[in-house]
Amino acid sequence: MQLHTHTWGEGDRVALLIHGMMADHRTWRQVGPALAARGYRVIAVDLRGHGASGRGAYDPALFAEDVVETLPAGADLALGHSLGGLALSLAVDRLRPERAVFSDPAWHLAGPAEGMDPELFARFKSAPRERIRAMNPRWEEADVDVELETLAVWDEATALGLGRLVGTDLLPAAPVVPSLVQLADPSFLISPERASLLEERGFEVRSVAGAGHTIHRDDFDGFMASLEGWIQPLRPL
């Protein structure tokens with residue numbers, strides 16, 4: 001499936017952004033311009049079932065196939081958040097970016113007893129503003145607005161498509177390209193034990209102190225700071 005994309009910047013380097021469940025390219029409203037200011041042409045997708053992209057069957061392998069079909073290979077940077085991190089990990093051997101960043105990736109989906117019931121995710125489509133704001137007290141109001149807009153066009157069946165993966169270990173065996181794993185503090189997807197295992201496997205792991213799962217919306221400055229050394233420095237004025 002060819003996915004809908006949004007582009008920021010006209011730099012000579014390319015950065016790819018892949019959002020998480022329930023979101024679309026608008027979740028990167030600050031990240032896209034910030035990377036463009038560092039000299040990147042930033043391309044963000046809407047995964048199938050999200051934003052302006054098509055609908056269909058839902059499975060992580062299909063998300064990855066769509067990403068490969070839509071995005072250019074050989075980018076300087078590819079960054080995936082949550083479900084987007086999972087999709088990127090399944091596509092990275094074909095996309096072959098110079099560097100990959102996995103932001104709190106969905107590499108372990110706990111069972112319903114630990115709050116990872118796909119049906120609960122699906123029901124979140126109708127969450128009111130007050131609930132979104134209460135669950136994300138560090139978000140700017142603009143991010144609450146974006147969340148409501150993206151939920152309105154999200155196909156909640158995408159959450160149900162992950163049901164068979166609940167309880168499965170999805171940690172990559174090794175990085176395909178130099179890779180950073182950026183974690184929330186604490187992360188409900190990557191435990192300290194799994195973080196240590198990722199380091200043993202060759203990933204660099206960094207946590208953003210106090211940040212929730214959507215690190216780039218909880219603490220944008222902390223998100224960008226944790227990418228230093230992995231992204232281009234700011235261009236001089």
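Biologist: What makes E2 count as mostly covered?

Modeller: Five of the six residues of E2 are buried. Buried means under 20% relative accessible area, exposed means over 50%, and partly exposed lies in between, with a 1.4 Å probe and protein chains only. A strand is a DSSP run of E with at least two residues, a helix is a run of H or I with at least four, and both are numbered from the N terminus.

Biologist: What kind of model is this, and how are its residues numbered?

Modeller: The model is predicted, with local features needing pLDDT of at least 70 and side-chain atom pairs counting only at pLDDT 80 or more, while totals for chains, interfaces and linings use all residues. Residues are numbered from 1 along each chain as its sequence is written, and side-chain values use heavy atoms, with hydrogens and water left out.

Biologist: How do you know that E2 pairs with E4?

Modeller: Pairing requires at least two bridges found by DSSP between the strands. E2 (residues 13-18) and E4 (residues 77-81) have four, so they pair, and they run parallel. Among the facing residues are Leu 16 and Ala 78, and Ile 18 has Gly 80 as its bridge partner.

Biologist: What joins E2 to E3?

Modeller: Five bridges do, and these strands also run parallel, with E3 covering residues 40-45. Val 14 stands opposite Arg 41 of E3.

Biologist: Why are E1 and E7 called edge strands?

Modeller: The open sheet has seven strands in the order E1-E3-E2-E4-E5-E6-E7, with mixed pairing. E1 (5-8) and E7 (204-207) each have a single partner strand, so one side of each has no neighbour in the sheet. From one strand to the next, the twist averages 20°.

Biologist: Which strand is joined to E7, and by how many bridges?

Modeller: E6 (residues 179-183) is joined to E7 by four bridges, and the two run parallel. Leu 183 has Ser 207 of E7 as its bridge partner.

Biologist: What makes a crossover right-handed?

Modeller: With the strands pointing away from the viewer, the path from the first strand over the helix to the second must run clockwise. E2, H1 and E3 also make a right-handed β-α-β unit.

Biologist: Where does H3 lie?

Modeller: Helix H3 (residues 83-95) lies across E2, E4 and E5 (99-103), and runs at about 150° to E4. Angles run from 0 to 180 degrees between N-to-C directions, and axes are lines fitted to C-alpha atoms, for helices over the stretch in contact. Contact means heavy atoms within 4.5 Å.

Biologist: Why is Asp 93 called partly exposed?

Modeller: Asp 93, also in H3, has 42% relative accessibility, so this residue falls between the two cut-offs.

Biologist: What makes Phe 102 and Trp 107 a tilted pair?

Modeller: Rings of Phe, Tyr and Trp (its six-membered ring) pair if their centres lie within 6.5 Å; planes under 30 degrees apart are stacked, over 60 edge-to-face, and the rest tilted. Here the centres are 5.0 Å apart and the planes 50° apart, so the pair is tilted.

Biologist: What stands out in the backbone at Met 22?

Modeller: Most residues other than glycine have a negative phi, and most peptide bonds are trans. Met 22 has a positive phi near 80° and lies in the loop between E2 and H1 (31-36). Arg 96, in the loop between H3 and E5, has a positive phi of about 45°.

Biologist: What kind of peptide bond joins Asp 185 and Pro 186?

Modeller: That bond is cis, with omega about 0°. Pro 186 is in the loop between E6 and H8.
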